[in-house]
Amino acid sequence: AGGAGGGTDTTTPDVDATFSDDGDQDSSERHDLVHRQPLLYDALLRSEMLGENIDPAARQSMHSGIGMNNYSTSHQGNGALSPFRERSNNLSFVSPYHAMNTVVTYDHDVNRRESEHQSIVGSFNLSPVSSMGRQRMPRFTDRCKRKIAKVPTKVLDAPSLQDDFYLNLVDWSSQNVLAVGLGNCVYLWSAATSKVTQLCDLSDTEDVVTSVAWSEGGRHLAVGSSRGEVQLWDASNQKLIRVMGGHSARIGALSWKQNASGGAPSAGSSSLLASGSRDRLIHLRDPRSESAYEMRLCAHKQEVCGLKWSFDERSMLASGGNDNKLLVWDIKKHTSPVHSFGDHTAAVKAITWSPHQHGLLASGGGTADRCIRFWNCLTGNGINCIDTGSQVCNLAWSKNCNEIVSTHGYSLNQIVVWKYPSMQKIATLTGHTYRVLYLAVSPDGSTIVTGAGDETLRFWQVFPGPQKENKAGGLLFPAGMPGSVIR
């Protein structure tokens, strides 16, 4: 061993030798380094393989008596050394076992003394995430949020698509065919083949298409016109079945109610078509009846611009008008509305019934209102109100999950997906340069199509499909299918 007081021995000192009171400083540092290196490796291996969390400096001090002043000797009940604690150093080392089973505490009194040893051990950690971050991470990763693409899956040009809030010119059938009213004509676009077919042309009568609606089976298409007529078409054979009159002004809203019982034609059970007009009237029509309509509903003071039958209670019809009123009708019992909601301060075009909760109805108001309101139609009470910040043009409830999509006009021109009942925004989609006035949902419930005065139709996959294994392309379009032009 090296002697005290300037000995002449030049041989390398033994690594196990102890230092004298006035030993050489350089020899002390080399001795400390030699002792520290295997202890660090030993501590890391024991932490990873055995789940232990041992301070290598503490192990070194127990072996060599060095560094006793540099680590905390805070004892637990059995006298064991306390584990590492989380600090501001994000690269500090804590074994995965210890991180998952230890509650990290903070002790500012020993922060300075422990930071030196944590920086030594932390230098071997390859992860930039601290132990506290790893403890918190499962709380968020377990909530696998659905990713909604911010760009449309497909864009179609739709020349002459009107920029009129009170019209309903787009509808998607259960046979996966999209109907679009463009000026005097109605065009059919097959989502499966991208084939475009002209169904009808009203230019000979100088008429304009103002609304379209598919029957529940997807075979028949009702077309409303500016002259107040409803044309019923057999879409598969491209044949006009009949023309039904009765209105004295344009028909802006159409909605089908399918016959639930399959019985004889009657106002309560047969397949009915509701039509709403600028003449403030609602007509209920049975396509198999010789008369133009079976029932007339009179309650709105201005143009009827929204109509929607309930999913489960098939005699319930909701109507919205430019008089800022939302009316709910039970056609089996009354020819006057059972509920009249006047909370909106602008025209009510956007209406949707919940497919998940009996009697739950949502409605949206125009530019002066901007709100989505929810109603309990069993009790007649309002449930909730959300100010969206812009004109609400359309609403649609997903049939596959409890979410709602809304389209907006002045001034944001956006599409928003909401989680119900929290009404938290899941996604906000932009792309249209005009008001998003038209909305329809695909038959599988995963994709929506939106239309605007910018003369485009945009397809967005916003909802999960009926099967979890659906790919990003959905059931409707092959991935990467190019865009096309309607007409």
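A: Here is a walk through the sheet and then the pocket. This is a predicted model, where local features need pLDDT of at least 70, side-chain atom pairs count only at pLDDT 80 or more, and totals for chains, interfaces and linings use all residues. Residues are numbered from 1 along each chain as its sequence is written, and side-chain values use heavy atoms, with hydrogens and water left out.

The open sheet runs in the order 14-15-16-17, with antiparallel pairing. (Strands are DSSP runs of E, at least two residues, numbered from the N terminus; two of them pair if DSSP finds at least two bridges between them.) Strand 14 (304-309) and strand 17 (339-341) sit at the edges with a single partner strand each, so one side of each has no neighbour in the sheet. Strand 16 (residues 326-330) joins strand 17 through three bridges, and Leu327 has Ser340 as its bridge partner there.

(A pocket is an open set of points on a 1 Å grid over the protein atoms alone, where a 1.4 Å probe fits, with protein on both sides within 12 Å along at least five of seven lines; lining residues have an atom within 4 Å of a point.) Of 46 lining residues, the closest to the centre include Lys308 and Phe311.

How values were computed. Helix = DSSP H or I, 4+ residues; strand = E, 2+ residues; numbered from the N terminus.
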